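I opened my notebook to record the fold of one chain and its contact with a partner. The structure comes before my entries.

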Amino acid sequence: MEKHDVVCPYCGAGCKFNLLVQDGRVVGTEPLKGVTNDGELCLKGMSGYDFINDTKILTPRLLHPMIRRHKGDPLERVSWDEALDFTAKRMQAIIDAYGPDAIMTTGSSRGGGNEVNYVMQKFTRACIGTNSVDNCART
Amino acid sequence: MCSIPGMENAGCVFLFGYNPSASHPIVARRIVRAKEKGAKIIVADPRHIETARIADLYLPIKNGCNIAFLNALANCIVNDGYADKDFIEAHTNGYEQWWETIKKYTPESVQDITGISPADMHRAAEMYATAEPSAIIGYGMGVCQQRQNLKTVHTLAAVACVAGQIGKPNSGLAPVRGQNNVQGSCDMGCLPNMFPGYQKVTDPAMREKFAKAWGVPVEKLSDHEGYKLTDMVHLANEGTLHCFYNYGEDPVQTEPDSQGTIEALKKLDLFICEDIFMTQTTMYADVILPGTSWGEHEGVFTASDRTFQHFNAAVPPKGECRHDWQIISDLSTRMGYPMHYDNTKQIWDEMRQLCPNFYGATYEKMEGTGHCEWPIPTLEHQGTADLFPGGHFNKPDGRAVLIAHDWEHPTEMPDEEYPLVLCTVREVGHYSCRSMTGNCKALSLLADEPGYVHMNPADARARGIRDGEIVRIWSRRGSVYSRADVSDRINKGAVYMTYQWWIGRCNSLTLHAVDDVSHTPEDKFSACQMERVADQQWAERHVAQEYADLKARLAKEASAQDVEPAVAFSASQEPDRILV
């Protein structure tokens, strides 16, 4: 069994534990002596890992890029190239027509991590040209 | 401003609008340990929360009274002779003006608003202000999600200063963060007024610095603050906002007034969702970009107490999922601003160079259970557990400014038609919009739509409601069904609902009112009414059907991803071929 150390993705306490992996699937957790949790975990930290495995108990994981070619069209799976070209073209058209402040982006205060948040705000500021990037700290 | 481990070494822990056993069980355990070590525990909360059971003093405050309560507490600290005159003299400004407001707030004068007897107010002042070696005020959303939220934080800070319970180890304020990386997304500059490291976007020197580092002309970086997330709805409605790129959030479930949010999303020219799940928000997206999940990538989170910690990937990405930083970099490149990184460490190191307070937080220091609590300005630095050491504050003269405000009532007061206060809260087994915990086998056993509305026995009796029955709750925004949970730990005149239920969705009812500065919604206070559903059997069938329909709708939206592009292409070409 493999073990990989992680930080809990739920509350802001910052508990450290190992994810236990068997045959490419996460099968359990094991608390570590992190600075805040000191070898302890709560219910969510202990049992909140198997959503990664796409259990479809509540709602499915997203596994492929999808677009609606026109507002109201059904979703359509496309290649990454097509999804990103479509998005880039549409965003650029909005900047050209209304200016960069017509676009708002968000960071994520959940599983992504600080590096993604850094990249998102850099994209928003240096590429789009607006400071309208926020996160869910207000809710 | 203290660390989470440090909480157990304080002489007094005062919880104000914070229920740690539901929202941060591991912090709650630290408070139990503090109690075992002899700390006094004060809990001020309208509900008799878990920590109230071990409190030396429990203050059952009325909903929406925060500033009135704190002003009266400050009034007692001063009038009862517990003010730390030396600290006020040496480390603060504005005392005289502050006292002009506070002196009016005797505990007697606001007892109708706070619900707290003068005797208990005096006891609280003494217990908090005289605690040795230090006292900590832990506050959460009970402070932040109120009309006077920022003003309440000013008031709390002044209370700590006047009592001299700040600027020494294990003291001051402990503002807890709800989600695991709220602190981190703020640290990284996902704020409309701040570059990474809390460097102001309106400061020309900072714009210059970031423009140079990012290789763009300084004019490219906007010189004015951006819009806030809670402005999204009205900006979309008035036609100012045309594109919303939503990364990892589910505003339909978690922002106030769900129906208003949905209508606004539909008005956008382009709505992009980068997420790991099909959610009630993602289903309205024009573009869906599947990122990797926690467990499939590495990175750094910041805990509530400013502690950076590194986390690893455990399993490979599913399907075609890509790391979020790769998706965003690729998009940026296609839009004419090339971004390329080989790994997260490269990103982290670029960020460290630009943020003096984070510079010493290297990946190496965070290996295993290593951690870095910022400010950590140099490679040799060990990190900072307590802010404002020696009472030195972040002001040019190093002195804290004491600010007092008058109490104002919440925006939507109960009336004859809507006589109950609706307050949204947390619970231990599920998280936020529930897309993660609801997909975990063990935790899903705790999922029980339509969820619960917690109420006092008197309010239940007055409406003929019995524990466990389905009730209808409605406000000026909407109407939902939920299940009654009747308990005398709940105060009379208020009902409490948690965020995560999809059918009993509290945000279909909440008010989208925000304060002027922070734009945080007033999720802790709006007005509602409820009634027992006469036909309980029909109600049970109805909520079960609604839940099944909603899950089926999300699954159907997501099923588009099961059709490979080539197949979709030939299917769409079929009629043409027939014509040929």
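My entries on the chain and its contact follow.

I note that this is a predicted model, in which local features need pLDDT of at least 70, side-chain atom pairs count only at pLDDT 80 or more, and totals for chains, interfaces and linings use all residues. Residues are numbered from 1 along each chain as its sequence is written, and chains are lettered from A and ligands numbered from 1 in the order in which they are written.

**Fold.** I looked up the secondary structure of chain A and found three helices and seven strands; helices (H or I, at least four residues) and strands (E, at least two) are DSSP runs, numbered from the N terminus. Along the sequence, their order in chain A is β-β-β-α-β-β-α-β-α-β.

**Extent.** I read a radius of gyration of 19 Å for chain A, whereas a compact globule of 139 residues would have one near 14 Å. This radius is taken over C-alpha atoms, and the globule rule is 2.2 Å times the number of residues to the power 0.38. The C-alpha trace of chain A spans about 55 × 30 × 25 Å along its principal axes.

**Contact with chain B.** I found 104 residues of chain A and 136 residues of chain B in the contact (C-beta atoms, placed from the backbone, within 7 Å).

**Strand pairing.** I saw that strand 4 (residues 66-67) of chain A and strand 11 (residues 287-290) of chain B run antiparallel, joined by two bridges; pairing requires that DSSP finds at least two bridges between the strands. In this pair, A:Met66 stands opposite B:Ile288.

Technical notes
Two residues are in contact if their C-beta atoms, placed from the backbone, lie within 7 Å.
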